[in-house]
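Reader: I am new to reading structures. Can we go through this one by asking what stands behind each label?

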Amino acid sequence: MSESKTVTSQNLLEIRNLSIGIREGDKIYRAVDDIGYEVAEGEILGVVGESGCGKTVTNLAIMGLLPDVLFVSGGQILFEGKDLAKMSERERAAMNGRDISMIYQEPLTSLNPLVKIGRQVGEPLRIHHKEIPEEEITKRVAESLREVGLPDPEVTMEKYPHQLSGGQRQRVMIAMATICRPKLMIADEPTTALDVTVQAQVLRLLKHISRKHKMSIIFISHDLAVINQICDRVIIMYAGKIAESAPAHVIMRHPAHEYTKGLLRSIPRADSKGESLPAIPGHVPSTEEYRDPCPFAPRCPIAQDICRQQAPDAVQIAKDHVAYCHFLRAE
Ligand SMILES: Nc1ncnc2c1ncn2[C@@H]1O[C@H](COP(=O)(O)OP(=O)(O)OP(=O)(O)O)[C@@H](O)[C@H]1O
Ligand SMILES: [Mg+2]
């Protein structure tokens, strides 16, 4: 069982023992296996892990947007104390875009190509605040575009998505996702498609908006270097489970789990010109594959028989630093 910390009033979101199943014919596989974590008010939480480890499906569950074949098979998703997994579709629809919003990797797929930017950015306000008159919506759209650093909001409002650059489109998405002042934003690889300079600008912008409006962010990435630029705390996921969680600077300097250490070794450094980086040998098991009780065991340099027989418990290494490994000791 994953450990959940005690409930505090500052936790905006608490995920407890969450499992997500995949239906395939008459078989059921686990995409996410008994995970638990919290997001504090105003906190930026990073979620890192290789492709397929369950980052996106966890967040789709938070948004109530799991595709038909996927379903919450156990646990709770508490947002301000209420279980999102138990809410009706109607209740969820009333929250999405207002209390919780999401931005994706490629904004072109989420923006409507046929609708002008101004109209699209104002849409969440039209849906959730029917009382606000159209002139006020136009004013707020302009403010929102200005806040995300788009010059000449009046000109931008008249454009279509394809007339903007990738970085500008991501800023538009952020304007749209924050116009209702949500308490939580889920950002799923929002800068992966951008070049490095634009990526750094968008990261700074997200951090600025989070601090200014005390908006919490769940920031998903497979890139620890990006996570380190923006996040307060980090969760490392592996094959549908949590491997380690700690403040970002602790993960970067004192990783405990062998998987986290492997991820850190594969980050390019400024002084490692042209050298090939050590990749973690092996692959993430697919959802159908057999897994040892510790799913990282087949790739782990320090694995012993116990890792193939028994799932590791959470080890509290320090305050706010937890890892799941048989060979760790609490401080
Ligand atoms: N629509 C779907 N139908 C069936 N299986 C799915 C579906 N979406 C995700 N999965 C499976 O659930 C598991 C978790 O996928 P998820 O998309 O959450 O990974 P991820 O960590 O976001 O990876 P990436 O870094 O590639 O985005 C994977 O094994 C994936 O194949
Ligand atoms: Mg994903």
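Author: Start with the largest pocket. The model is predicted, and the volume of this pocket is about 400 Å³. Its lining has 18 residues, and those closest to the centre are N96, G97, M102, P124 and M176.

Reader: Which elements give two or more residues to that lining?

Author: They are β6 (100-103), α4 (117-128) and α7 (166-178). With 6 residues, α4 gives the most. Domain 1 (1-99 + 184-199 + 208-268 + 278-293) and domain 2 (111-181) each supply at least three residues.

Reader: How does the lining of the largest pocket divide by class?

Author: There are 10 nonpolar, 6 polar and 2 charged residues.

Reader: What makes a space a cavity and not a pocket?

Author: The test is escape. In a cavity a 1.4 Å probe fits but cannot get out, whereas a pocket is open. The whole structure has 1 cavity of 30 Å³ or more. The largest cavity holds about 60 Å³ of space.

Reader: Which residues line the largest cavity?

Author: The lining is made of H257, C294, F296, A297, C300, A303, C307, C325 and H326. By class, 7 are nonpolar, 2 are polar and none is charged. Cys counts as nonpolar, so C294, one of the lining residues, falls in that class.

Reader: Why is E258 called buried?

Author: Set the value against the cut-off. The relative accessible area of E258 is 12%. Buried means under 20%. Therefore E258 is buried.

Reader: Where is E258 found, and what is it in contact with?

Author: E258 is in helix α11 (residues 258-265). Leaving aside neighbours within four places in sequence, E258 is in contact with F296, C300, P301 and I302. Among these, F296 and C300 also line the largest cavity.

Reader: What makes the E258 and K261 pair a polar contact?

Author: Their side chains come to 3.1 Å. The limit is a pair of N or O atoms within 3.5 Å, so this pair passes on distance.

Reader: Why does H222 count as partly exposed?

Author: H222 has 45% relative accessibility. Buried is under 20% and exposed is over 50%. The value for H222 lies in between, so the label is partly exposed.

Reader: Where does H222 lie, and what does H222 touch?

Author: H222 sits in the loop between β8 (216-221) and α9 (224-230). Not counting residues up to four places away in sequence, H222 touches V48, G49, E189 and T192. With E189 there is also a polar contact, side chain to side chain, at 3.0 Å.

Definitions and conventions. Residues are numbered from 1 along each chain as its sequence is written. Chains are lettered from A and ligands numbered from 1 in the order in which they are written. This is a predicted model: local features need pLDDT of at least 70, side-chain atom pairs count only at pLDDT 80 or more; totals for chains, interfaces and linings use all residues. Side-chain values use heavy atoms; hydrogens and water are left out. On a 1 Å grid over the protein atoms alone, a cavity is a set of points where a 1.4 Å probe fits but cannot get out, and a pocket is an open set with protein on both sides within 12 Å along at least five of seven lines; lining residues have an atom within 4 Å of a point. Grid points are joined across faces, edges and corners, and a volume is the space filled by probe spheres set on the points. Helices (H or I, at least four residues) and strands (E, at least two) are DSSP runs, numbered from the N terminus. Domain bounds come from an automatic or database domain assignment. Buried means under 20% relative accessible area, exposed over 50%, partly exposed in between (1.4 Å probe, protein chains only). A polar contact is a pair of N or O atoms within 3.5 Å; within protein, one must be able to donate a hydrogen and the other to accept it, and residues adjacent in sequence count only if both atoms are side-chain atoms. Contact means heavy atoms within 4.5 Å.
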